[in-house]
Amino acid sequence: MFQILVVEDDMALRRMMLSVLEKNGFRPLPAEDGQEALDILEREQVDLIISDMMMPNMDGLELTRLLRQSNYNMP
């Protein structure tokens with residue numbers, strides 16, 4: 001089962017995305033911001049990240065830059 005990390009600060013939108021992914025056979029993992037996403041990536045194998053760009057603490061662009069610098073190779 002593919003694990004998809006959903007990084008979204010809007011709780012209603014995050015819940016909707018998680019529900020749709022789960023109903024379609026994926027295992028979604030929720031994160032409220034980039035820092036929480038990094039914490040999840042330390043302990044979970046993730047196949048795909050769907051990230052909001054404008055979030056508090058660490059935005060999606062900064063998250064993507066950090067992941068690329070750390071040699072994460074995922075879509």
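Which side chains meet in a salt bridge? The side chains of Arg 27 and Glu 44 do, at 3.6 Å from N to O. The legends below refer to a predicted model, in which local features need pLDDT of at least 70, side-chain atom pairs count only at pLDDT 80 or more, and totals for chains, interfaces and linings use all residues. Residues are numbered from 1 along each chain as its sequence is written, and side-chain values use heavy atoms, with hydrogens and water left out.

**View 1. The salt bridge between Arg 27 and Glu 44.** A search of the whole structure finds one salt bridge, defined as a side-chain nitrogen of Lys or Arg within 4 Å of a carboxyl oxygen of Asp or Glu. Arg 27 belongs to strand S2 (residues 27-31) and Glu 44 to the loop between H2 and strand S3 (48-51), so the pair ties together parts that are 17 residues apart in sequence. Helices (H or I, at least four residues) and strands (E, at least two) are DSSP runs, numbered from the N terminus. Arg 27 is partly exposed at 38% relative accessibility, and Glu 44 is partly exposed at 27%. Buried means under 20% relative accessible area, exposed over 50%, and partly exposed in between (1.4 Å probe, protein chains only).

View 2. Glu 36 is part of helix H2 (residues 34-43) and is partly exposed, with 31% relative accessibility.

**View 3. Two sides of helix H2.** Gly 34, Ala 37, Leu 38, Ile 40 and Leu 41 are the buried residues of H2. They sit on the same side of H2 because they cover an arc of only 160° around the axis; the arc is that of the directions from the helix axis to the C-beta atoms. Exposed Glu 42 and Arg 43 are carried by the face of H2 turned away from its buried side.

**View 4. Helix H3 and Leu 66.** Gly 60, Leu 63 and Leu 67 are buried in H3. Their arc around the axis is only 60°, which puts them on the same side of H3. The face turned away from the buried side of H3 carries exposed Arg 65 and Gln 69. Leu 66, also in H3 (residues 60-69), is partly exposed with a relative accessible area of 30%. Its C-alpha atom is separated by 9.7 Å from that of Gly 34, 32 residues apart along the chain.

View 5. Leu 13 lies in helix H1 (residues 11-23) and is partly exposed, at a relative accessible area of 35%.

**View 6. Asn 57 in the loop between S3 and H3.** Although Asn 57 is not a glycine, its phi is positive, about 70°. Asn 57 is exposed, with a relative accessible area of 68%.
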